[in-house]
Amino acid sequence: MIAKILINTTAKSLNKVYDYNVPKELENSVEIGKRVEVSFGKSSKSEGIIVKLIKDEENNQNKEKEYVLKDIVSVLDEYSYINESRLKLAKYISYIYFCNVYDALKLMLPPGTTSKNQSKSIYTKQEIKIILVKDKEEIERQIENKTIKSAKQIQVLRFLCENNYVLQKDITSGLGLSKSILSTLEKNGYIILEKFTPKNDLLIDNNIPRTEKQIPTDEQKIAIDKISNYIFEEKYKQCLLFGVTGSGKTEVYLQVLENVLKKGKTAIILVPEISLTFQTVSRFVSRFGDKIAILHSKMTISQRKEEYKKIKEGKVDIVIGARSAIFAPIDNLGLVIIDEEHDSSYYSQSTPKYSTKEVAAYICKENNAVLLLGSATPEITTYESALEGKIDLITLKNRPAGATLPQIELVDIKEDRLNGNTSVITTKLKEEILKNIEKKEQTMLFLNRRGYTSYLSCKDCFHIFKCPNCDVALTYHKNNDLLLCHYCSYVERAVKVCPNCLSNNLSSGTVGTQKIEEELKEMYPNIKILRMDADSTVSRESYQNILDTFRNNNADILLGTQMISKGHDMPNVSLVGVIGADSMIAINDYMASEKAYSNLSQVAGRAGRKDKKGKVLIQTADTSNYILQNVENNDYEGFFKEEISFRKHMLYPPFIDLFLFEFTSKDLNLVKKEANYMYNILNNEKSGIYTVFSPRTPLIQRINNKYRINILLKARASNNLYKKIYEKLNIYNKKRNNKVNMTIVKNPLFIN
Ligand code: ADP
Ligand code: ZN
Ligand code: ZN
């Protein structure tokens with residue numbers, strides 16, 4: 001028997017498949033989609049995936065050739081998660097996102113696979129978590145230049161690069177390696193070993209009581225019937241469920257899911273990573289019980305593997321998870337729900353850089369399934385498609401059970417300053433907080449991370465403490481007196497003296513959450529304030545604990561960045577204050593305004609649920625700004641109209657597709673030269689099928705010691721366009737410099 005094997009290699013343009021001989025003793029364990037170990041090129045132990053098997057009698061090739069074929073060394077997987085249709089999907093992803101087929105296939109494999117004697121236990125009292133402290137590319141470089149030589153160390157490091165949330169036992173019993181390798185890696189500064197007790201807050205064995213479905217409102221009923229009909233007809237269809245926060249979208253999902261199960265089909269529900277909390281999951285579990293599997297990147301590898309197996313064996317009908325759950329190995333798919341479809345976590349930021357919505361649309365089309373997108377503030381592109389009739393638009397206008405929308409008001413900071421208030425909290429907001437405390441109701445205060453991180457600088461010579469690896473200022477953390485880089489994780493202890501002029505007159509920049517907390521405590525000494533920074537490395541558990549404490553009414557004020565706004569029903573919150581709206585609307589990227597609009601609306605939506613009327617105060621120096629005005633009037637359509645005309649005028653999506661060619665290298669001259677080389681190839685095109693712009697330096701020129709240069713190409717994505725780009729890539733590859741990394745991102749989240 002001969003196996004056609006796709007080899008896992010980082011080399012570009014190696015999507016080729018190689019023939020290997022299947023030794024007799026392995027004939028029973030080979031299967032399409034299983035990973036195998038083979039020798040390839042100079043490497044004696046390469047990993048590959050079987051993509052085709054040819055029995056001897058079907059083999060028309062020259063018999064003699066078989067002798068030169070190498071044997072498969074071993075079969076690595078017990079189960080195959082990849083079939084013909086998955087292979088097709090991987091090829092599609094590899095084509096439209098310019099990545100290796102193997103990278104695309106990896107998305108579909110259960111996390112951290114190898115040896116058969118996997119540890120079965122899911123719960124252990126105390127575990128040791130392995131945290132990788134060096135970045136992927138650095139490690140690959142060190143392997144290449146032989147700084148790291150030990151094969152076992154390399155195996156562990158590569159495993160860590162590819163898997164989140166790895167425990168010590170995944171290495172010891174999973175890969176069958178000894179603990180001493182880990183101690184060596186820790187000693188040499190590659191990893192940190194951290195003790196922790198896993199808390200299974202997402203899994204089902206929490207005895208969640210069953211709930212019955214609610215009687216749908218008229219609007220909900222129309223939505224449920226319409227979507228369910230498409231499912232019964234088994235027709236591919238995209239629907240947008242457009243309804244404000246609290247309008248009962250989740251109830252619609254639940255009742256549509258019921259119909260999916262009635263039809264004998266299955267469903268995948270995607271929610272933003274950060275909303276994948278116990279509350280969210282339990283709403284589904286309370287209706288459908290153990291028919292549900294949950295996939296979350298923060299679950300341990302063995303937990304996720306168990307879930308994968310359950311799905312594969314057909315034991316579940318519903319999969320809930322973050323972005324990557326779209327690749328769950330579920331059969332008989334009838335529905336995919338993407339909740340909060342505007343959320344940026346649906347764009348993968350690592351290779352393959354895919355759009356979950358685009359991939360989901362492909363999967364649904366292949367399965368004649370329905371793709372249901374839900375949002376209060378749809379992405380501009382999605383809403384435009386809905387208005388054009390490409391997506392079915394279904395609207396929920398009212399909150400059920402008589403709950404009302406909050407009253408939103410812009411508060412002019414400039415006016416407040418003129419009246420002599422120097423605090424970052426305006427007089428008006430102070431008054432409202434006080435009233436709320438007296439009423440024993442809760443308040444949430446939001447800051448924007450960009451505007452309110454603090455930097456350390458010298459007041460005498462204006463020296464700013466910058467990251468040695470990146471072109472950004474370091475963020476100052478008062479708690480532990482550290483300076484941190486958010487781009488490369490560089491850390492240093494803050495000093496008391498300026499290294500430039502030796503002055504000790506250092507200032508810690510703008511106001512952060514800590515300063516605001518101090519100020520609030522001064523005003524109301526007895527109140528209880530909870531603070532959640534995006535900056536401090538908040539672990540998942542403490543994040544959940546803070547939210548739970550607040551939700552259970554054990555604090556008056558929750559202070560944090562907009563990360564605290566996502567997906568939590570906070571029944572006792574009646575006041576929301578936005579402290580730093582201006583920094584949210586001042587970012588210059590083509591998607592920045594829609595992100596600002598949706599963040600602000602989401603934040604506002606936290607106020608007043610159920611029977612409480614909520615109030616929202618947004619502090620700004622620019623009360624005439626169109627984003628803020630439309631947020632104030634709760635007018636998504638108004639915002640959409642202004643935004644879409646801007647996009648049309650400037651030629652941005654949805655009127656065009658963007659392809660960003662990103663070049664990175666340690667050597668500034670090399671990266672410039674390489675980008676120019678590609679630019680000349682791209683620019684040498686007379687057909688007018690695309691417009692290419694000359695190479696530009698992004699806002700941050702250097703990240704983690706790598707210089708960056710981009711080339712932007714604008715065109716309508718089409719078969720002909722792709723053919724053209726691949727043609728250009730072929731020319732490029734002939735003389736490319738392998739010291740410069742080049743990736744192409746389709747419709748990136750940022751172009752700066
Ligand atoms: P969304 O998902 O749009 O934010 P939810 O589905 O969470 O909205 O609904 C908001 C609140 O309204 C929830 O507390 C939910 O239980 C309640 N609710 C939803 N539909 C109904 C209904 N038909 N009748 C009564 N209450 C409902
Ligand atoms: Zn100085
Ligand atoms: Zn840095």
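How many aromatic pairs does a search of the whole structure find? The search finds 22. Before I go further, please note that this is a predicted model, in which local features need pLDDT of at least 70 and side-chain atom pairs count only at pLDDT 80 or more, while totals for chains, interfaces and linings use all residues. Residues are numbered from 1 along each chain as its sequence is written, chains are lettered from A and ligands numbered from 1 in the order in which they are written, and side-chain values use heavy atoms, with hydrogens and water left out.

I begin with the rings. Rings of Phe, Tyr and Trp (its six-membered ring) pair if their centres lie within 6.5 Å; planes under 30 degrees apart count as stacked, over 60 as edge-to-face and the rest as tilted. Tyrosine 18 and phenylalanine 40 form an edge-to-face pair, because their ring centres are 5.0 Å apart and their planes stand at 65°. This pair links distant parts of the chain, 22 residues apart: tyrosine 18 belongs to strand β2 (residues 17–21) and phenylalanine 40 to strand β3 (residues 35–40). Strands here are DSSP runs (E, at least two residues), numbered from the N terminus. Elsewhere, ring pairs join Phe242, Tyr383, Tyr597, Tyr626, Tyr636, Phe639 and Phe640 into a cluster.

I turn next to the zinc ion, ligand 2. Which residues are its protein donors? They are Cys458, Cys461, Cys498 and Cys501, each through SG, lying 2.3 to 2.4 Å from the ion. Donors are N, O and S atoms within 2.8 Å of the metal (3.2 Å for Na, K and Ca). The angles among the four donor atoms are 106 to 112°, and the site is tetrahedral, a term for four donors with all angles between 85 and 135 degrees. Along the sequence, the donor residues follow the spacing C-x2-C-x36-C-x2-C. Is cysteine 498 buried or exposed? Cysteine 498 is buried, at a relative accessible area of 0%, whereas cysteine 501 is partly exposed, at 34%. Buried means under 20% relative accessible area, exposed over 50%, and partly exposed in between (1.4 Å probe, protein chains only).

Finally, I come to ligand 1. Of the 18 residues around this ligand, Ile215, Gln220, Gly246, Thr250 and Arg283 come nearest; a residue is near if one of its heavy atoms lies within 4 Å. A nitrogen atom of ligand 1 is 2.8 Å from a polar backbone atom of isoleucine 215. An oxygen atom of the ligand lies 2.7 Å from an N or O atom in the side chain of arginine 283.

Notes: Helix = DSSP H or I, 4+ residues; strand = E, 2+ residues; numbered from the N terminus. Tetrahedral: all angles 85-135°; square planar, octahedral: opposite > 155°, others 65-115°. Polar contact = N/O pair within 3.5 Å; in protein donor to acceptor, adjacent residues only side chain to side chain.
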